[in-house]
Amino acid sequence: MNKTEKQGLLELKENVALITINRPPANALSKETLYELQAVFRQLELNPNVGAIVLTGSGEKNFSSGADISEFGEMADRGTADVTLNRMHDFFNYIERFPKPVIACINGKALGGGNELQMACHLSIASDTAELGQPEIRLGIMPGYGGTQRLPRQIGQRRALELLLTGDRISAQKAADLGLINRIVPQERLLDEALKWAKQLADGPPLAMKGILDAVYQGSEVQLDEGMEIERNNVKRVMTSEDAVEGVMAFFTKRGPKFKGR
């Protein structure tokens, strides 16, 4: 296991990377923690042997309880707030647009910045004991890492406003019903199931995965006709790849494909 400073752990499991937020007991997202996570993601983007990423928290109680409250005083300074928020928005956007699938493995509470972080991931799997929410309003503040934008897009405006304005927490089952997470499994099977899912994705065709992620996220920000143009361009790139030829040949010869990302 490779330790990345003191805030997070990185472990490579064949072609899957497991990142663990390591700030017990709450796994609070200090600026230092987020900067280190950003460095790890950039390292993994450049690693051709990694096809998918699982992001989780240490222990069994907290994925992440949110931003580090001890740093809130710094945000009273407008200049500091601008620098911090810009960098955090850039990082969360970077995860959302990451060219390899990123799965949030929610092993406990995902609150405030923790929920904003899992929303930036492409997919999410949670333990049956997990809780999610945006409780910032109860501190007299508001979400600052994209919560007011991603939550309405993922579950609808009225349901998002209810959570944002009340600060209420919801169960994993409620989150799944709303479409905020994809899957729920018992706590004792959570990490194994997350890694199994990531392995399935990592064994897939990298260029097609990247093309789908790019088309979905870029397309969601533009009008339908522009999104269709993004899709057409990505399809043309993917269809002329070696992987596309391999996939078709494997289908006709009734064997498993061996994708190389070319």
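I take rings of Phe, Tyr and Trp (its six-membered ring) as a pair if their centres lie within 6.5 Å; planes under 30 degrees apart count as stacked, over 60 as edge-to-face and the rest as tilted. The model is predicted, so I kept to pLDDT of at least 70 for local features and 80 or more for side-chain atom pairs, while totals for chains, interfaces and linings use all residues. Residues are numbered from 1 along each chain as its sequence is written, and side-chain values use heavy atoms, with hydrogens and water left out.

Aromatics: I looked up the pairs and found six. One of them is Phe91 with Phe92, edge-to-face at 5.9 Å centre to centre and 90° between the planes. Are these two buried or exposed? Phe91 is buried (under 20% relative accessible area; exposed is over 50%, partly exposed in between, with a 1.4 Å probe and protein chains only), at 1%. Phe92 is buried too, at 0%.

Phe251 and Phe252 are also edge-to-face, because their centres are 5.4 Å apart and their planes at 80°. Here Phe251 is exposed at 62%, and Phe252 is exposed at 60%.

I also noted one cluster made of Phe41, Phe91, Phe92, Tyr94, Phe98 and Tyr145.

Helices: I then checked which residues of H3 and H4 meet (heavy atoms within 4.5 Å). Asn115, Glu116, Met119 and Ala120 in H3 touch Gly147, Arg150, Leu151 and Gln154 in H4. I name helices as DSSP runs (H or I, at least four residues; strands are E, at least two), numbered from the N terminus.
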